[in-house]
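Open the model in your viewer and keep the sequence panel beside it. The stops below say what to select and what is there.

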Amino acid sequence: MAVQNSALNAYKQNSVTTASPGELTLMLYNGCLKFLTKAKKAIEEQNIQEKNTNLQKAQAIIQELMSTLNMDYDISKQMLPLYEYMNRRLMEANVKNDTVIIDEVIGLTTEFRDTWKQVIQITRQQQYSNTQQV
């Protein structure tokens, strides 16, 4: 079992170190969704410590997404207030133990993740077509 965990950790570490910036952003969205789901489950099980830990991890990811925005682009100026809103809502969910708020943030995060996934796919297709033309 220890060998499997070691291999899994090595694979995860390698995935992060070799990922493109776009893939890293996708990983952040997926991580955020994982922690939000765990927090929601913890509320349902009345495990306050687990809820708090996972909501704080989700907030840390959102804050990381905020800090990586390039404000030279209009889309970044539109994303920042959305991330700020999500962060505030998670603070509120933590105080109120409110799964409805977590569901709201899960919905927003899922939309952002799915859109980002499409951007990566389109970019790869364009890069592939450009290499085929050379």
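The expected span of a helix is 1.5 Å times one less than its number of residues. Helices here (H or I, at least four residues) and strands (E, at least two) are DSSP runs, numbered from the N terminus.

**Before you start**

This is a predicted model, in which local features need pLDDT of at least 70 and side-chain atom pairs count only at pLDDT 80 or more, while totals for chains, interfaces and linings use all residues. Residues are numbered from 1 along each chain as its sequence is written, and side-chain values use heavy atoms, with hydrogens and water left out.

**Stop 1: the whole chain**

Show the protein chain as a cartoon. Five helices and zero strands make up its secondary structure, so the order from the N terminus is α-α-α-α-α. Buried residues account for 30% of the 134 residues; buried means under 20% relative accessible area, exposed over 50%, and partly exposed in between (1.4 Å probe, protein chains only). The accessible surface of the chain is about 9,000 Å², and 54% of that belongs to carbon and sulfur atoms. These areas come from the Shrake-Rupley method with a 1.4 Å probe, and for residues only the protein chains shown count as cover.

Next, consider contacts, meaning heavy atoms within 4.5 Å. Of the contacts between residues at least 6 apart in sequence, 63% join residues at least 24 apart.

**Stop 2: colour by confidence**

Colour the chain by pLDDT, the predictor's confidence in each residue, from 0 to 100. The chain averages 90, and 84% of the residues score at least 70. Where is confidence lowest, and where is it highest? Helix α1 (residues 2–18) has the lowest mean, 59, and helix α3 (residues 48–67) the highest, 98. Where pLDDT is low, the predicted coordinates should not be read in detail.

**Stop 3: helix α2**

Select residues 21–44, which form helix α2. Its 24 residues should span 34 Å at 1.5 Å a residue, and the end C-alpha atoms are 35 Å apart, which agrees. Among the buried residues of α2 are Leu26, Tyr29, Leu33, Leu36 and Ile43. An α-helix has 3.6 residues a turn, so residues three or four places apart point the same way.

Now pick Met27, also in α2. Met27 counts as partly exposed because its relative accessibility is 33%. The C-alpha atoms of Met27 and Arg113 are separated by 9.0 Å, although the two residues are 86 apart along the chain.

**Stop 4: the ring cluster**

Show the side chains of Tyr29, Tyr83 and Phe112, which ring pairs link into a cluster. Rings of Phe, Tyr and Trp (its six-membered ring) pair if their centres lie within 6.5 Å; planes under 30 degrees apart count as stacked, over 60 as edge-to-face and the rest as tilted. The structure holds two aromatic pairs.

In one of them, the ring centres of Tyr29 and Phe112 are 6.3 Å apart and the planes meet at 45°, so the pair is tilted. Tyr29 is in helix α2 and Phe112 in helix α5 (residues 99–133), so this pair ties together parts 83 residues apart in sequence. Both Tyr29 and Phe112 are buried.

Tyr83 and Phe112 form an edge-to-face pair, 5.9 Å centre to centre with 85° between the planes. Tyr83 belongs to helix α4 (residues 74–96) and Phe112 to helix α5, so the pair ties together parts 29 residues apart in sequence. Tyr83 and Phe112 are both buried.

**Stop 5: Asn54**

Move to Asn54 in helix α3. Is Asn54 buried or exposed? Its relative accessible area is 2%, so Asn54 is buried. Leaving out residues up to four places away in sequence, Asn54 touches Phe35, Lys38 and Ala39.

**Stop 6: two loop residues**

Select Gln46, in the loop between α2 and α3. Gln46 has a positive phi of about 60° although it is not a glycine. Its relative accessibility is 68%, so Gln46 counts as exposed.

Then select Asn97, in the loop between α4 and α5. Asn97 is not a glycine either, yet has a positive phi of about 50°. With a relative accessible area of 33%, Asn97 is partly exposed.

**Stop 7: an annotated span**

Finally, select residues 33–68. An unreviewed UniProt entry annotates this span as "coiled-coil region". UniProt positions are given in the numbering used here, feature names are shortened, and annotations may be inferred rather than shown by experiment. In the model the span is 89% helix and 0% strand, and its end C-alpha atoms lie 18 Å apart.
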